[in-house]
Amino acid sequence: MFMIFRVQKCFQRVCFLGSSSNSSAFLHTCSSAVSPLGSSQLERPTRLSDLDIIITRVPVGNSDDQVLLSLQNDQACNSIQLTHVLVHQLLHRFKNDWKSALGVFRWAESRPGYELPPDAYDMIIDILGKMRQMDQTMDLLERMHQDRLITLKTVGKVMRRFAGAGKWEDAVRIFDGLGRFGLDKNTESMNLLLDTLCKEKKVEVARDIFLELRSHISPNAHTFNIFIHGWCKVNRVDEAHWTIQEMKGHGCRPCAISYSTITLFYCHKYNFGKVYELFDEMEAQGCPPNVVTFTTVMCYLTNSGEFEEAMQLYERMKSAGCKPDTLFYNSLIHTLGRAGRVPEAIHIFEVEMPENEVPHNTSTYNTLIAMFCNHAQVEEALKILQNMERSGLCKPDVQTYYPLLKMCFKTGKTDNFLNKLVNDMVNGHHLSFDLSTYTLLIHGLCRAGKCEWAYNLFEEMIAQDMKPRYRTCRLLWDEVKLKNMTAAADSIEDFMKKL
């Protein structure tokens, strides 16, 4: 049954829109509910969108075969004219639920007169790989091969997911078999493999492969930047410095990215003395710090509580003629918020960014919402959310709501306010909960004495092959035992034994 039905069924004041069958589970709180936005009644939509109709017909937690059959046998769904945008929205909605995503994908694939775009195949490949469904991934890859749909982008996603699942040897085998897919072993594909391995801390393996390939595949600057990042990732910064020299020996000039990667390593160690030494070296080499470098250092100065030094860095950046971009301004707003300088943060958002023609993005709004929540200014946070929704330029994501959900539990508003936020996330913006959101909700609901709802969320996670952390299971287990929910306690205990 659709997730919003299950997570909200513990509330008594719930109204259904449309039929009472499982296929119409779009919910709103009743008109007696009080909206946290100040309205005495939540607005009811006059009709469901095509996206809403399809989503409500997806039986969450079932197999992809059952999802496919549910959609194929539904007259309302089959009367909808599919578009590439709609398919993209559906796959994005179920990005953390591979069974529903694959069922929707297969249904769209089966629709007469509709041909899936290549990026839809790449999306489902990525979703399956992320959820460690490697057999399903390879089956789909084989089908794509038969239909000549495989691109280097597709192969890159598969290699990354195999490496992320600890199967780096399979990633290498896929690279070795590129010719079977009609793709070349060249600098671009080699870099893709090396980057995949380095990001999974298999730098020495990547190095051996590089030494084997370099006789017939020429490296470029990106190749060496990949290794610089890899060596830093495994805490071998001396090799990263040595790679810069090797880079020069191959006729490739180090750039700001090369040095910025090592800068990030020293930032992780909070060794800002080394950071400033690198700044001087970069300027001496004719590749001064860029906006990415300054953004990185500002973030770590803020994390270490060095707010004044972070602001001095901003002045140094302006003196160097380096123009801020959206990501830098997001970091600056965060710094000012952490320092308690909220009016200045608002000024950056409302005045300085527009004056410098730097656009806001979702993270800009998220940073402001988090800032207001951290200062217990929930109404201001909700105004920013409304501003974001009205702008039409950015859409909320799960991170937008995370601080608001935390405030629900912190302030004890776990009825109408929490209900409204969850409804907006799932039905309003078609967001799919990730592990962090599920964990936050389950922990908060347990502490608020709402373990029935928390257990429903736990079941949702299991149905989507999402594994709750042991601490989450133990907390929920303790709570349901106190409520004499014996069957739920037994189910949780059985799951914990498998962890």
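Are Phe265 and Tyr266 buried or exposed? Phe265 is buried, and Tyr266 is buried too. The model is predicted.

**Helix 11**

- Helix 11 runs over residues 187–199 and has 13 residues.
- From first C-alpha to last, helix 11 reaches 18 Å, close to the 18 Å expected at 1.5 Å a residue.
- The buried residues of helix 11 include Ser189, Met190, Asn191, Asp195, Thr196 and Cys198. Leu192, Leu193, Leu194 and Leu197 are buried as well.
- Among the elements covering these buried residues are helix 9 (152–164) and helix 10 (168–176). Helix 12 (203–213) and helix 13 (221–233) also contribute to the cover.
- At the start of helix 11, Asn186 places a side-chain oxygen within 3.2 Å of the backbone nitrogen of Glu188.
- After helix 11 comes Lys201, with a positive phi near 65 degrees.

**Aromatic pairs**

- The count of aromatic pairs comes to 14.
- One of them joins Phe210 and Phe224. Their ring centres lie 6.1 Å apart and their planes stand at 80 degrees, so this pair is edge-to-face.
- The Phe210 and Phe224 pair links distant parts of the chain. Phe210 belongs to helix 12 and Phe224 to helix 13, 14 residues apart.
- Phe210 and Phe224 are both buried.
- Phe265 and Tyr266 also form an edge-to-face pair, 5.4 Å centre to centre with 75 degrees between the planes.
- Phe210, Phe224 and Phe227 make up one aromatic cluster.

**Charges over rings**

- Phe227, a member of that cluster, has Arg207 over its face, at 5.9 Å from the ring centre.
- Trp477 has the charged end of Lys481 over its ring, 3.8 Å from the centre.

**Val342**

- Val342 lies in helix 20, which covers residues 342–355.
- Why does Val342 count as buried? Its relative accessible area is 9%, and buried means under 20%.
- Leaving aside residues up to four places away in sequence, Val342 touches Leu336, Met371, Phe372 and His375.
- Val342 and His375 are 33 residues apart in sequence. In space, their C-alpha atoms are 9.0 Å apart.

Conventions. Residues numbered from 1 in each chain as written. Predicted model: local features only at pLDDT ≥ 70, side-chain atom pairs only at ≥ 80, totals over all residues. Heavy atoms only, no water. Helix = DSSP H or I, 4+ residues; strand = E, 2+ residues; numbered from the N terminus. Expected span 1.5 Å × (residues − 1). Buried < 20%, exposed > 50% of the residue type's maximum accessible area, 1.4 Å probe, protein only. Contact = heavy atoms within 4.5 Å. Polar contact = N/O pair within 3.5 Å; in protein donor to acceptor, adjacent residues only side chain to side chain. Phe/Tyr/Trp six-rings, centres within 6.5 Å; stacked < 30°, edge-to-face > 60°. Lys NZ or Arg CZ within 6 Å of the ring centre and 35° of its normal.
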